[in-house]
Every structure is written in structure tokens, then in C-alpha cells.
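Q: I have this one open on the screen and want to go through it piece by piece. Can we start?

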Amino acid sequence: MWSFSGLATGIDAWLTQRFNPALSLTIEMVLAGIAVITLFAVLGLVLVLMERKVSAWMQIRLGPNRVGPKGILQSLADTLKLLVKEGLTPNSADKLLFNFAPFLAIIVAMLLMAPIAFAKDLQLWDLNIGVLYISAVSSIMVISILIAGWSSNNKYSLMGAMRSGAQIVSYELSAGLSVLSVVVLVGSLQVSDIIKSQADGWWIFKGHIPMVVSFVTFIIAVTAETNRAPFDLAEAESELTAGFHTEYSGMKFALFFLAEYVNVFIVCAVGATLFLGGWMPFHIGHWQGFNHVMDYIPSSLWFFGKTFLLIFVIMWFRWTFPRLRIDQLLNLEWKYLLPISMVNLLVTTAMAILGWHF
Amino acid sequence: MFEEQGITPEGDLIVNVGPQHPATHGVLHLVITLNGETIKKVEPHLGYIHRSIEKMCESLSYRQFIYVTSRMDYLSAHINNHACALCVEKGLQVEVPPKAQVIRVLLDELTRIASHELWWGAMAMDIGAFTPFFHAFRERETINDIMEETCGARLTMNFMMPGGVMQDLHPNFQARVKSFIQQYKHKIGEYAELLTGNIIFKNRMKNVGVLSPEDAISYGCTGPTARGSGVSCDIRKLYPYEVYGQVDFDEILETGGDSLSRYMVRIREMQQSIRIIEQLIDGIPEGDFQAKTKAVLKLPKGEFYQRVETARGELGVYIVSEGGTTPYRIKFRSPGFSNLSVLDRIARGGKLGDLVAMMGTLDLVIPDIDR
């Protein structure tokens, strides 16, 4: 199979031949950064369009269909509009923090891109604590929302931010615990190890019922963590107009918007990596012929296919469920999800020790 | 200093919801005192869309003033017009031909379905579900098309007039209404799948905004809001007008008094409206659609009152006549005003998210409250 590592080593060799090691490392980092930003922008455009098309499909309408063929350039036009729009800063706002918050949101989303394996050997940074890194960095997201809500000096924003703070901090626990149950089975926090361990079957199939439970918990928890409906209390447009980003306009709003969609992509990518094998093709134990055929499908296609499937599920939630109330939201986490995921982690640990998985 | 920042001396937050706010569906202004997420007080401020309709009616003739009332509760425009027409007929002592009576009731019930449809979609949107809105509008559009064909308008139909209706039904009317009923029966099951049966929805609505029957009566609540608390107040049953006395339908009563009960009352009422239409659509009597009236209407000196059941509750029309061509004084008793006044009572102690759901189930139409 063709692999991206050849490309990477090729670029590396070409650069080190011509420049000194420090400079070539810098150039490589810049290239990686450009790649991330490009991917970021493309993902934002694609996901916004996808959301609009999915919602249109569920709401018996057509969705955007005027800009470009089938409306595929609609999000590009929207971005252009947001770029040229005036970015207002309210007089009573804390100007420094107000302008800083959207950038923090976007930085967090960009940092999360690093340990995700997009295809075989296509990974920016395969650090040995990959999963821990993802959990840790994604917690910073809540700070940007809190800053945005507080510095806007608007009651709606403040309430949205406070809701969001309570919500993200709570749901991180279940998300973390369900991630841990995979880590317990694999015995490593490194993303590449987790994917390799699924070469003979994805964890959702290998791990019996506990893995299915932690997959479901994970999906619920990350939907809440990314502030998506039915857990979009931070925005809650019917109660708080737009929640924490009520006062934001123009590109500053667009950055929040983009960060939300990229976060959705990232949590779905993490879910696909942990439970559905990342870029690993669908393999069944000893069926060599079948596995061989599956290997012919490019690994990037597997990864993006699984990720977009999960994204679709999360969008499906959004367009069919009503919103929860704040006390119901916290009850769901602390009374149901957290105990379930704790017990589930214990069962998974016992399973890992006794070797009961395939 | 606290007052300036919108904080009470006890440290509670004062939040203005509206007059421009997605949840208020119009220009209603609520001043809410919040302790964290918990509501301590709700104070509605009215008057943003006051057009002095009652005063305007005083300078319009008895034929003309009916059309202004379409702009009160614009979702049950037919029923408003109907109430006014009935009141004027009471004064003139005109007998409405049976055909006109049936046409009026048919259009009333179609309006009721359309109004409840819009309520269903908007209320779902209030609690965060977007999709029902579009499904509701699909059915409402069909009704609007039927209305457009017969009355020439989609929202403010102005079809009722003293003595009958403006013109005969469109030849397509019967067939289109029948086909609408056929598909609608199937669609109403879809609603249950999409929203009514949803566990999140049930938890959001159950035991939220409980209105006791005593409160419902003492605040003057009518319509589905009161019937959700088990108060029998359907004018169509209690004081039948037109052919309502002859058709077979049930008054829907739920005893919970919470948001879910009010929701269920409206959902089941739509089915009852379908029942009424089914009974009448095949037997539209032959004859005139309008009684013979004089060119210039003059009500005898006196006071006339007529009430009807709109989609929101009891609408009363009170005309004081001095014997001239225009009313001396007109007063409308609108259902929305009394239903809104109960909001503070049921919202206290609830969460901010509940307030939106409660407002949704009260089915407020702001131009009806302000007039």
C-alpha cells in the first residue's frame, strides 16, 4: 500500500540536504501549520454546508442551491460576507478579553488537530500521551467560552457562558472515562498504538457490550462538550438569543462558528479512532481474503468515512431533538452517565485483566 | 448603582426578554428577575403593538369594522371576523342562511387547525427542536392554499360579513379539503413520532408551569390553557352558535394543568376539528350564502355581546350602539390577555428554559393582547 510516510521522509530529506537542521525543522513546522490551517478552513466550509444540507433533508426542504452547482459554494460566499462585515466591540466590553476569546477558541481547535491520524502515517505529531493530550487541550475550550461570556458584559452572554462552564466541566468526566476504557484495553495512550491494536477488529466489535456502552456514553458526552443540540444550552437561541456569542459579529463570530464545527470534526475523529479503528480498514479475524480486499480501500477514505458518519449522527441529534433544561442536563451527567461510565470502566478493566476480549 | 446594572439589592439579575427576542414571537417585553437560572418574578410590559383597534372601530361602519379585527389575532382571523359578524347580526336580528352557517364553521375549524399547526411548530422551536416547525408549515400551507382559493387571501381573509359570507365557496373547496383531511390524519401520527413521544420533550413539559383549575378560573383563562387544567370552557359546547350545536365533537379536557396537558389539549383539538369538518363537508346545504341586508346597516340603540371560541380561547365582542351607522363603543375581550396574565403565577420557581416552554404552551399572539 502507498503510504504518506514516503512523502514526509522525502520532504525531510530534501530540506536537510539544502538547509541546516534548525532551519529545515522550522520550515517543516511552517508547512505543517499551513496544512492544518488549510484543512481547518476546508473542514469549516464542508461541515457548514453539510449541516445545512442535512438539516434541509430532515426538514423537507432543499437547502442552499443558488451559489455554485447544488449550492456547494454557499459557505464560501458566507465566509466572504463574514470577512467583510464589521467586527463590533461593545463599549462596555472588556476589549482585550473580548477580542482574545475567539482566537483562544480557534487555537484550541488547531492544537487538537496535532495527534489525529488522518490516514496511514499521516499524522502531525504521534506523541506518546496522545489521548491524554486531546482530553487536556479540549478542556481549554471552556475557558474561551467563559472569557467570551464574561467580557461581553451582557447578561445573556454571561448566562450562556456559565451554563457552558457547568456543562463542559461535567461532561468531560464521562468523555474521559469512556476514552479510558479503550486505553485500558490497548495499554497505551499513543494514537498510533490504539489504531494498530484494532488491526484484527475494531474495539466496538472486539470489546463486547462494555465497549458499546462506552461508545454511546462517549458520543453523548462529546455532543455536550461541543455545545451541540440537544445540549446547546450555551447558545439556546430561544432563551438567550445567542448565548455566549450574542455580542460577537463579523469574523470574530465566524471564528467561534468555525471552532464549533472543527471541534465537532475532532471529537468525531477521536471517536472514530478509539472505537471504529481510525484509518484501519474493516477486518474480520482470520478471513485473509476479505481483509485483503478491504485493504485496497485507501486508509484516508476509511478515516473520513467513519468520521463523517459520526458527524452525521451528531447532526441528526441536532435536528430531531428538543433542548434539555440546565438541571436535567446536569442530572443526566451526574446521576446517570457518570456512574454508568465508572462501572463500565471497572468492567472493562476486569475484561482486560482476564483477557475476555477477542 | 445596583439598579443601573440591572441587579436587585438582593443580588438577583434583572433580564429583559424582548421586545425583540426569538422566544416572544412578537413584541412582548418580559422583565424577569432571575436568581441564577431560577425565575423569581416575571413582569410583562405591553403596548409595543397597540394600534387602538377598538377606537378605530368606532369610526368605521358595521360592515367595515369587521375587517380590522383580522389584525387582532391574525392566526384566527376568520374566527375574529365571525365573532363580529355574529354580534352585528344579533343587533340586526338577521337570520343567517344555513349554507352560510356551515361555510363559516368549516372555515373556522380550518383556521383552528392552521393556528394550532403554527403553535405546534413555534412551540417546538422554543424548546429547541427546529424540524417540527417545517413539518407544521407544510400542513399549514395546504390550508392557506385552500383559503386563498376561496377567500382570495391567506392570512387576513375578511370573508365573513354581517348576514353571511362574502361569496360562495370555490368549486374545488370540497375536494381539496377532503384530500387535506386524508393526508392530515396520516401526518398527525408523524408529529407524535417527532415530538410528542420524545423523552426529552416529555421531561421538559411534565410538571412544568402547573396551573391549578382555581387559578385558571380566577385569572380568566380560557381556551386550551384552561382546558389543560380541567376547566370546561369551550364556548362551542357551552353556548353553541351557528351549527356547532348540531355537530358531534368532544370538548377536550386534560387534568394535569402542566405544559404537557396544554400541549395535549391542542393536539387532540386538531383531531376534533377534523371530526367537525368531516361531518359538514359532505352536507353543505343548498341556498344563499348571504342573507338580504340593507345597504347601510344601523344597529338599534342598545348593547350587544357575542362570544366565540377562537384557537386561543374565548373572544368576546361587546358593541354599544346609539342607533347610528357606526358603533358608539366597542370592546374586545381577547383570550391572549388573560392567558398572559397567568404567566407570572406559573413561572415563579421555574427555570429560564421553562419560561420559554410555558410561553409556548400559553400560545400567545401579541397583537391579540395589545390590539
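Q: What should the 16 residues of helix H3 of chain B span at 1.5 Å a residue, and how far apart are the end C-alpha atoms?
A: H3(B), residues 77-92, should span 22 Å, and its end C-alpha atoms are 23 Å apart, which agrees. The expected span is 1.5 Å times one less than the number of residues. Helices here are DSSP runs of H or I with at least four residues, strands are runs of E with at least two, and both are numbered from the N terminus.

Q: Before I go on, what kind of model is this?
A: This is a predicted model, in which local features need pLDDT of at least 70, side-chain atom pairs count only at pLDDT 80 or more, and totals for chains, interfaces and linings use all residues. Residues are numbered from 1 along each chain as its sequence is written, while chains are lettered from A and ligands numbered from 1 in the order in which they are written.

Q: Back to H3(B). How many of its 16 residues are buried?
A: 14 of the 16 are buried, so H3(B) is largely enclosed by the rest of the structure. A residue is buried if 20 or more other C-beta atoms lie within 10 Å of its own, exposed if 12 or fewer, and partly exposed in between, with C-beta atoms placed from the backbone.

Q: Which residue follows the helix?
A: Gln93(B) follows H3(B), and its phi is positive, near 55°.

Q: And which strands does H3(B) lie across?
A: H3(B) lies across S6 and S7 of chain B, at about 145° to S6(B). Axes are lines fitted to C-alpha atoms, for helices over the stretch in contact, and angles run from 0 to 180 degrees between N-to-C directions.

Q: What is the strand order in that sheet?
A: S6-S7-S8 of chain B, an open sheet of 3 strands with antiparallel pairing. S6 (302-309) and S8 (329-333) are the edge strands, each pairing on one side only. The twist averages 10° from one strand to the next.

Q: How many bridges join S6(B) to S7(B)?
A: 8 bridges join S6(B) to S7(B), residues 314-321. Two strands count as paired if DSSP finds at least two bridges between them. Tyr305(B) stands opposite Tyr318(B) in S7(B).

Q: Different sheet now. Which strands of chain B are in the order that starts with S1?
A: S1-S2-S3 of chain B, again an open sheet of 3 strands with antiparallel pairing. S1 (13-17) and S3 have a single partner strand each, so one side of each is left without a neighbour in the sheet. The twist there averages 20° from one strand to the next.

Q: How are the strands matched up?
A: S1(B) and S2(B) are joined by 5 bridges, with Val15(B) partnered by Ile32(B) in S2(B) and Leu13(B) by Leu34(B). S2(B), residues 29-35, and S3(B) pair over 7 bridges. On that side, Leu34(B) has Ile39(B) in S3(B) as its bridge partner, and His29(B) has His45(B).

Q: Which residues make up the covered face of S2(B)?
A: Leu30(B), Ile32(B) and Leu34(B) form the covered face, while His29(B), Val31(B), Thr33(B) and Asn35(B) are on the uncovered one. In a regular strand the side chains alternate between the two faces of the sheet.

Q: What about the turn between S2(B) and S3(B)?
A: That hairpin has 2 residues between the strands, and Gly36(B) takes a positive phi near 65°.

Q: Is Glu43(B) buried or exposed?
A: Glu43(B), in S3(B), is exposed, with 12 other C-beta atoms within 10 Å.

Q: What does Glu43(B) touch beyond four places in sequence?
A: Leu30(B), Val31(B) and Asp344(B). Contact means C-beta atoms, placed from the backbone, within 7 Å. Glu43(B) and Leu30(B) are 13 residues apart in sequence and 5.5 Å apart in space, C-alpha to C-alpha.

Q: Changing topic: how many residues of chain A are in contact with chain B?
A: 21 residues of chain A are in contact with 28 residues of chain B. H11 (237-240), H14 (299-320) and H15 (326-354) of chain A each supply at least two residues of the chain A side.

Terms used
Two residues are in contact if their C-beta atoms, placed from the backbone, lie within 7 Å.
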